[in-house]
Amino acid sequence: MRKALLFPAGILALLLILSGCGADNYARKAEEFYAIGEYFDAAEEFKKAYSHTPVKEKAKRGERAWKMAECYRRIGYSAKAAGAYRNAVRYNTGGPEAVLRLAQMQQWMGKYNDAIKNYTLYLDSIPSSLEAQNGLEGCRRATIRTRKGSLYTI
């Protein structure tokens, strides 16, 4: 009788221990990969940490989305980076720089109208940013070029 009670109690205790530390373990592993420059592996771990973090923990989700976006940007995955930056902006993480990086990813993907909106939003908070001014001008020129039917497509 006693053995029958110990087995379910042991399994329950093990499940409680393992469920509480999944997202933090992934985040810790991701930080280790990030520190040594393994951005692909870090991005995958940050993605797991983000998906295992409860929605109510907005600060953690935002931080993990920001770091995941930075990893994707560094390895050239602009579409995945844009999605992660969008989440970081939604959770108010990364400050104005998250909006700038989102605009850059949108520009790289050829989504010039979206990039123009985000560059403008960034320039509202930091009007002296030469990087954002150049990006905005590049997007404006690209939209004009594509409307005129340029020989060169981007």
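Is Tyr72 buried, partly exposed or exposed? Point 3 has the answer; here are some notes to read beside the model.

1. **What you are looking at.** This is a predicted model, in which local features need pLDDT of at least 70, side-chain atom pairs count only at pLDDT 80 or more, and totals for chains, interfaces and linings use all residues. Residues are numbered from 1 along each chain as its sequence is written, and side-chain values use heavy atoms, with hydrogens and water left out. The term pLDDT stands for the predictor's confidence in each residue, from 0 to 100. The protein chain averages a pLDDT of 87, and 82% of the residues score at least 70. Contact here means heavy atoms within 4.5 Å.

2. **The overall plan.** The protein chain has 8 helices and 0 strands, giving the pattern α-α-α-α-α-α-α-α along the sequence. Both kinds of element are DSSP runs numbered from the N terminus: helices are H or I with at least four residues, strands are E with at least two. Of the 154 residues, 34% count as buried. Buried means under 20% relative accessible area, exposed means over 50%, and partly exposed lies in between (1.4 Å probe, protein chains only). Among contacts with a separation of 6 or more, 44% join residues 24 or more positions apart.

3. Rings of Phe, Tyr and Trp (its six-membered ring) pair if their centres lie within 6.5 Å; planes under 30 degrees apart count as stacked, over 60 as edge-to-face and the rest as tilted. By this rule the count is 4 aromatic pairs. One of them is edge-to-face: Phe40 and Tyr77, with 6.3 Å from centre to centre and 80° between the planes. This pair links distant parts of the chain, since Phe40 is in helix α3 (residues 39–52) and Tyr77 is in the loop between α4 (58–75) and α5 (78–90), 37 residues apart. Phe40 is partly exposed at 40% relative accessible area, and Tyr77 is partly exposed at 35%. Tyr77 also pairs with Tyr72, this time stacked, at 6.1 Å centre to centre and 10° between the planes. Now for the opening question: Tyr72 is buried, because its relative accessibility is 3%. Phe40, Tyr72 and Tyr77 form one aromatic cluster.

4. **A charge over a ring.** Look next at Arg61, which lies over the face of Tyr50, at 4.1 Å from the ring centre. A charge sits over a ring if NZ of Lys or CZ of Arg is within 6 Å of the ring centre and within 35 degrees of the ring normal.

5. **Two nonpolar cores.** A nonpolar core is a set of buried Ala, Val, Leu, Ile, Met, Phe, Trp, Tyr and Cys residues joined through side-chain atoms within 4.5 Å. The largest one has 20 residues, and Phe46, Met68 and Tyr85 have the most contacts inside it. Helices α3, α4, α5 and α6 (95–108) each give two or more residues to this core, with the largest share, 6 residues, coming from α4. Apart from this core lies another, of 13 residues, including Leu100, Tyr112, Tyr122 and Leu123. In soluble globular proteins, nonpolar side chains tend to be buried together.

6. **Two buried polar residues.** Ser129 is in the loop between α7 (112–125) and α8 (130–148). With a relative accessible area of 10%, Ser129 is buried. A polar atom of the Ser129 side chain lies 3.2 Å from the backbone nitrogen of Ala132. Thr143, in helix α8, is also buried, at 11%. The side chain of Thr143 reaches the backbone oxygen of Arg140 at 2.7 Å. A polar contact is a pair of N or O atoms within 3.5 Å; within protein, one must be able to donate a hydrogen and the other to accept it, and residues adjacent in sequence count only if both atoms are side-chain atoms. Leaving aside residues up to four places away in sequence, Thr143 touches Tyr112, Asn113 and Ile116.

7. Where is Asn92 found? Asn92 is in the loop between α5 and α6, and is exposed, with a relative accessible area of 72%. Phi of Asn92 is near 55°, a positive value in a residue other than glycine. Most residues other than glycine have a negative phi.
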